[in-house]
Amino acid sequence: MRTAVYALFTRWSMFFAVVTLASSALQLVQGDDADTNSHILNRAAICLIVAFMTIILERLRLKSRVLSALAGYLLTMAAAFAYVGVVSLFDPVTPHSLFVFFCNFTAIAVIYIAVEEAVDWCRRRRTRQKEQS
């Protein structure tokens, strides 16, 4: 239980830091110099959902690695959009912000999946080299 909470907190922290830095850099480039507290808290909640879903979906292994990654992406996207849908009942959300959310989420998912694949590839390569020795 303790390691699961630690893994959840670690991933949440990583996602939140990367997303916050990317959002801040994008806002500065666009000339926006302010970010609301509710926006930051919503970002933290979405990052927590994503971190939780990645831990759950690690156990989802389909025969195809691509399908496994795609299923994880779609389920996580659905959970995040469900949260956005509930929040939008209380705080209106513009269609443009949903598109930006989709693009940011997709870009981060692609990077996350690529890094996971690279790490897994290195581990398999190292294991094969040890077996051949």
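These legends cover close-up views of a predicted model. Local features need pLDDT of at least 70, side-chain atom pairs count only at pLDDT 80 or more, and totals for chains, interfaces and linings use all residues. Residues are numbered from 1 along each chain as its sequence is written, and side-chain values use heavy atoms, with hydrogens and water left out.

**View A. The largest nonpolar core has 13 residues.** A nonpolar core is a set of buried Ala, Val, Leu, Ile, Met, Phe, Trp, Tyr and Cys residues joined through side-chain atoms within 4.5 Å. Buried means under 20% relative accessible area, exposed over 50%, and partly exposed in between (1.4 Å probe, protein chains only). Phe15, Ile46, Val50, Tyr73, Ala80, Phe101 and Phe105 touch the most other members. At least two core residues come from each of α1 (2-30), α2 (37-57), α3 (65-88) and α4 (95-132). Helices (H or I, at least four residues) are DSSP runs, numbered from the N terminus.

**View B. Ile46 and its contacts.** Contact means heavy atoms within 4.5 Å. Neighbours within four places in sequence are left aside. Ile46 then touches Ala80, Tyr83, Val84 and Phe101.

**View C. Helix α3, end to end.** The end C-alpha atoms of α3 are 34 Å apart. Its 24 residues should span 34 Å at 1.5 Å a residue, so the two values agree. The expected span is 1.5 Å times one less than the number of residues. The buried residues of α3 are Ser68, Gly72, Tyr73, Thr76, Met77, Ala80, Val84 and Val87.

View D. Rings of Phe, Tyr and Trp (its six-membered ring) pair if their centres lie within 6.5 Å; planes under 30 degrees apart count as stacked, over 60 as edge-to-face and the rest as tilted. The count is 3 aromatic pairs. One of them, Tyr73 with Phe105, is tilted, at 6.0 Å centre to centre and 45° between the planes. Phe81 is partly exposed at 29% relative accessibility, whereas Phe101 is buried at 17%. Tyr73, Phe81, Phe101 and Phe105 form one aromatic cluster.

View E. A disulfide is a pair of cysteine sulfur atoms within 2.5 Å. For Cys103, the nearest cysteine sulfur is that of Cys47, 17 Å away. Cys103 is partly exposed at 32% relative accessibility. Cys122 is partly exposed at 36%.
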